[in-house]
Amino acid sequence: MDAPDQIDSGLESDDRNFITALARGLEVLRCFRPSETELTNQEIAARTGLPKATISRLTYTLRRLDYLVHSERNGTYRLGPGVLALGYGVLAGMETSERARPEMRALCEGPNPHVTAAFAEHHRLQAVYVGVQRSQQAVSLTMNVGARLPLFHSAIGRAILAAMTEEQHEHLLHLAERERPDDVPRYRQSLARAIEDYATLGYTTGYGDWRPEINGIAVPVVSLNGDRIFAMNVGGPSFLVSPEELRDAYSERLLTAAASLSRRAVE
């Protein structure tokens with residue numbers, strides 16, 4: 001899923017503790033999509049909705065801090081080594097994601113050779129893949145690390161929601177109300193389904209809800225220090241991976257894998 005053409009930052013201007021300038025700088029960095037290496041100030045302004053003069057000051061500052069690199073030849077900017085350093089810091093903290101790799105491989109060695117397993121953490125209203133294990137079959141899902149799925153409408157997003165507190169749910173619904181006010185009733189309905197599925201099944205489901213051609217189930221995984229919520233899923237093309245097979249052949253395997261990774265397994 002590509003980033004939206006214009007980023008809605010949802011800046012909390014009435015929050016005295018919220019630093020708008022910092023948020024705007026981060027929005028500039030978020031403008032770069034996986035398939036792009038360079039952007040102009042005009043393109044960044046169009047995606048953030050901020051005035052070009054503001055963008056010029058932000059890109060100048062980010063350039064001075066080595067988060068952006070400027071091309072004098074064509075006037076474009078690309079992400080700099082400062083962003084890479086931040087990324088390494090995040091990846092270094094993902095011990096749970098690293099431990100999930102063998103579990104995902106084992107899931108893909110199950111009875112259906114067309115399944116894909118993935119590991120995700122949420123960012124705003126999306127679940128972001130931080131690990132993917134794909135089967136070797138020609139027909140399988142082609143999602144990669146960095147892929148973004150809707151938090152409320154995918155199995156893996158619902159698994160993250162299922163492990164959150166009511167306060168966290170309300171925060172996300174408030175964010176949804178700012179960004180997609182017309183969709184809030186559907187978000188609430190999907191949240192209720194996530195909670196009910198997790199309470200009755202032990203996992204969450206997504207049978208064509210996000211995309212009609214994809215079936216999947218997912219479970220939450222809480223990091224060992226308890227401060228991060230991940231989720232693990234298994235799924236595949238709907239014409240090759242049925243809800244019944246996911247339930248009968250993969251749900252217990254997925255639950256066991258998640259239990260071995262989650263904080264609850266060592267408490």
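This is a predicted model: local features need pLDDT of at least 70, side-chain atom pairs count only at pLDDT 80 or more; totals for chains, interfaces and linings use all residues.
The link belongs to the antiparallel pair β4 and β5, joined by three bridges.

- The protein contains nine helices and eight strands.
- Of its 267 residues, 45% are buried.
- Among contacts with a separation of 6 or more, 57% are between residues 24 or more positions apart.

**The sheet**

- Six strands make up an open, antiparallel sheet, in the order β5-β4-β3-β8-β7-β6.
- At its edges are β5 (148-150) and β6, each of which pairs on one side only.
- On average, neighbouring strands of this sheet are turned by 30° against each other, direction ignored.
- Helix α8 (residues 184-201) packs on the sheet and touches β6 and β7. The direction of α8 makes about 120° with that of β6.

**Strand β8 and its partners**

- How many of the residues of β8 are buried? Nine of the nine are, so β8 is largely enclosed by the rest of the structure.
- β8 pairs with β3 over six bridges, in the antiparallel sense. Here Phe119 stands opposite Met232 in β8.
- β7 and β8 also run antiparallel, and nine bridges join them. Pro220 stands opposite Ala231 in β8.

**An enclosed helix**

- The buried residues of α6 are Ala155, Ile156, Gly157, Arg158, Ala159, Ile160, Leu161 and Ala162.

**The cavity**

- One cavity of 30 Å³ or more is counted in the model, and the volume of the largest cavity is about 200 Å³.
- Which elements each supply at least two residues of the lining of the largest cavity? They are β3 (116-123), α6 (155-162), β6 (204-207), β7 (214-222) and β8 (229-237).
- β8 gives the largest share of this lining, with four residues. This is the strand whose nine residues are buried.
- By class, the lining of the largest cavity comprises 11 nonpolar, nine polar and two charged residues.

**A closer look at Gln133**

- Gln133 sits in strand β4 (residues 126-134).
- Is Gln133 buried or partly exposed? Its relative accessibility is 21%, so Gln133 counts as partly exposed; the cut-off for buried is under 20%.
- Beyond its neighbours within four places in sequence, Gln133 is in contact with Met104, Arg105, Cys108, Thr116 and Ala117.
- Gln133 and Ala106 lie 27 residues apart in sequence, with a C-alpha to C-alpha distance of 9.4 Å.

Conventions:
Residues are numbered from 1 along each chain as its sequence is written. Side-chain values use heavy atoms; hydrogens and water are left out. On a 1 Å grid over the protein atoms alone, a cavity is a set of points where a 1.4 Å probe fits but cannot get out, and a pocket is an open set with protein on both sides within 12 Å along at least five of seven lines; lining residues have an atom within 4 Å of a point. Grid points are joined across faces, edges and corners, and a volume is the space filled by probe spheres set on the points. Ala, Val, Leu, Ile, Met, Phe, Trp, Tyr, Cys and Pro count as nonpolar, Asp, Glu, Lys and Arg as charged, and the others, Gly among them, as polar. Buried means under 20% relative accessible area, exposed over 50%, partly exposed in between (1.4 Å probe, protein chains only). Contact means heavy atoms within 4.5 Å. Two strands pair if DSSP finds at least two bridges between them. Axes are lines fitted to C-alpha atoms, for helices over the stretch in contact, and angles run from 0 to 180 degrees between N-to-C directions.
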